[in-house]
Amino acid sequence: MEDKLKRLALKVGHHEDNIRFLKSQLNAVEDACIDLGIKLGNYHSSVAAVMNNDTSAQEAEQRTIRSILDQDTTAAGIICQLKVRHHELASKMTLMKGILGFVATLGKVNNDNLSRLLTEYLGMDNMLALVCKTYDGVKDLEKYDKDGIIDKTSGVHGLGRSVGKFLDGRFTVFCLENLRPFSGDINIGDPQRKLILHRPRLPGGESPPGFLDFAVNMIHLDRAHLSCLTASGHGLRETLFYTLFSHLQVYKTRADIQSALPLIKDGAVSLDGGILRPNGSFCLGDSKNLEVRFPVNIEVSSLPENIAEMEEQVKLKNWEKERVLEDMKREEDLLKQVKELYRKQKQELMDYLTHPAVAQTSRDSPTTHSPTTPGSNPFGAKPSHKGW
């Protein structure tokens, strides 16, 4: 009985291992389906945007540059003015060489709604923040005297005076080599080198309704910005944009965010204007119409070439998902049967251990009693003539 119980326990473990393996396969297939769906959705929405809007990616960038120039009392506005209107002079300055760009110009998104939403989430200070590759570039931006007072004739302050502008207030600077980079894996096979992040999962293993992607992976980087790496080999996505967005999730609607609240750790935004901050606070009321936004990249040429192949992949992945679900159902049925056999065998063993004589008699009665002849005593004793 003990040997049989051990064999049944091994079978239970075997089926449970199979189910865990199938669940991991199902998660991988669902992730692939979501990724393909996002790419196809981006393609179709971008095609529609191009058909309804003649604005090119270059024009979108120029619009962002003009909006930065309008912020003429900020560090970004002053530096942008020098780059645009005094390009030759700016290109020779050591200070300008240390500046990689501004947050607003280093990334793009695929539609205007997402641009407005992520801009509002970050706020104007972050959108206008300067980005330097090394700390030497940061040090050149501002100088101090021996008492720690800002030297208004050097750094960005001195540049402002040279073009008749005076810097008002503080300004934010990000130094790539000082930012803590994303510690996970990068999807090397993706041209955009997106981060491999664990998608939110419901108890059944599927993604919550309305989940689109992580904001950090919805930023589009130009080829020049993709090749911009720190000395330790980290790019803009895993340093700057991971610092800004972390695991911020993007959903279709506010209702989708509310349904997925237990699965959200680092905040969420929705395309209809909902914002949930990482600290758990909700942003209510009307959206702010901020002037400086991420440029919208709506060039079809930059999108996947073989759409028919991607659509076929979606069909194949859905078929694969059905097969995995069928295998899981079969394994769950087998597990249920083996668990029932295990329960019965365990109960039989426990009965034997607690009442061995009764259990042995009940086990032996149908098969081990030898046939008796009429008048014989099955107990092996002579019959008593005096009765019992």
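Helices here are DSSP runs of H or I with at least four residues, strands are runs of E with at least two, and both are numbered from the N terminus. Leucine 114, the subject of one legend below, lies in helix 7 under this definition.

**Overview of the predicted model.** The structure shown is a predicted model, with an average pLDDT of 82 for the protein. A pLDDT of at least 70 is reached by 83% of the residues. The stretch of residues 367-388 has a pLDDT below 50, and in the model this stretch makes 4 contacts beyond near neighbours in sequence. The secondary structure consists of 15 helices and 8 strands. Of the 388 residues in the protein, 39% are buried. Among contacts with a separation of 6 or more, 70% link residues 24 or more positions apart. The accessible surface amounts to about 23200 Å², and carbon and sulfur atoms hold 53% of that area.

Five strands form an open sheet in the order 4-5-6-7-8, and their pairing is mixed. Strand 4 (211-214) and strand 8 (282-283) are the edges; each has a single partner strand, so one side of each lacks a neighbour in the sheet. Strands of a sheet pair through backbone hydrogen bonds, in either a parallel or an antiparallel manner. Strand 7 (residues 275-276) and strand 8 run antiparallel and are joined by 2 bridges. Within this pair, isoleucine 275 has cysteine 283 of strand 8 as its bridge partner. Helix 7 (residues 112-122) packs on the sheet, where it touches strand 5 (249-251), strand 6 (268-270) and strand 7. The direction of helix 7 makes about 145° with that of strand 6.

Apart from neighbours within four places in sequence, leucine 114 is in contact with Val109, Met218, Val250 and Leu271. The C-alpha atom of leucine 114 is separated by 8.9 Å from that of phenylalanine 294, although the two residues are 180 residues apart along the chain.

**Close-up of the nonpolar cores.** The largest nonpolar core has 71 residues, and the members that touch the most other members are Val103, Leu118, Leu240, Phe241, Phe245 and Phe294. Helix 3 (residues 75-85) gives the most to this core, contributing 6 residues. Around leucine 118, the residues touched beyond four places in sequence are Val109, Ala215, Ile219, Phe245, Leu248, Val269 and Phe294.

Helix 10 (residues 155-162) is mostly covered, with 6 of its 8 residues buried. The buried residues are Gly155, Val156, His157, Gly158, Leu159 and Gly160. Helix 3 and helix 5 (94-97) are among the elements that cover them. After helix 10 comes glycine 164, which has a positive phi near 75°.

Leucine 202 is placed in the loop between strand 3 (173-175) and strand 4. With a relative accessible area of 25%, leucine 202 is partly exposed, because that class lies between the buried limit of 20% and the exposed limit of 50%. Beyond residues up to four places away in sequence, leucine 202 touches Ser207, Pro208, Pro209 and Leu263. The C-alpha atoms of leucine 202 and leucine 263 are separated by 7.9 Å, while the residues are 61 residues apart along the chain. Arginine 193 is also placed in the loop between strand 3 and strand 4. Although arginine 193 is not a glycine, its phi is positive, near 50°. The relative accessibility of arginine 193 is 25%, and this residue counts as partly exposed.

**Close-up of serine 246.** Serine 246 lies in the loop between helix 12 (237-245) and strand 5. The phi of serine 246 is near 50°, a positive value in a residue other than glycine. At 21% relative accessibility, serine 246 is classed as partly exposed.

Key: Residues numbered from 1 in each chain as written. Predicted model: local features only at pLDDT ≥ 70, side-chain atom pairs only at ≥ 80, totals over all residues. Heavy atoms only, no water. pLDDT = per-residue confidence, 0-100. Contact = heavy atoms within 4.5 Å. Buried < 20%, exposed > 50% of the residue type's maximum accessible area, 1.4 Å probe, protein only. Areas by Shrake-Rupley, 256 points an atom, 1.4 Å probe, with all protein chains shown as cover. Pairing = 2+ DSSP bridges. Axes fitted to C-alpha atoms, helices over the stretch in contact; angles between N-to-C directions. Core = buried A, V, L, I, M, F, W, Y, C linked by side-chain atoms within 4.5 Å.
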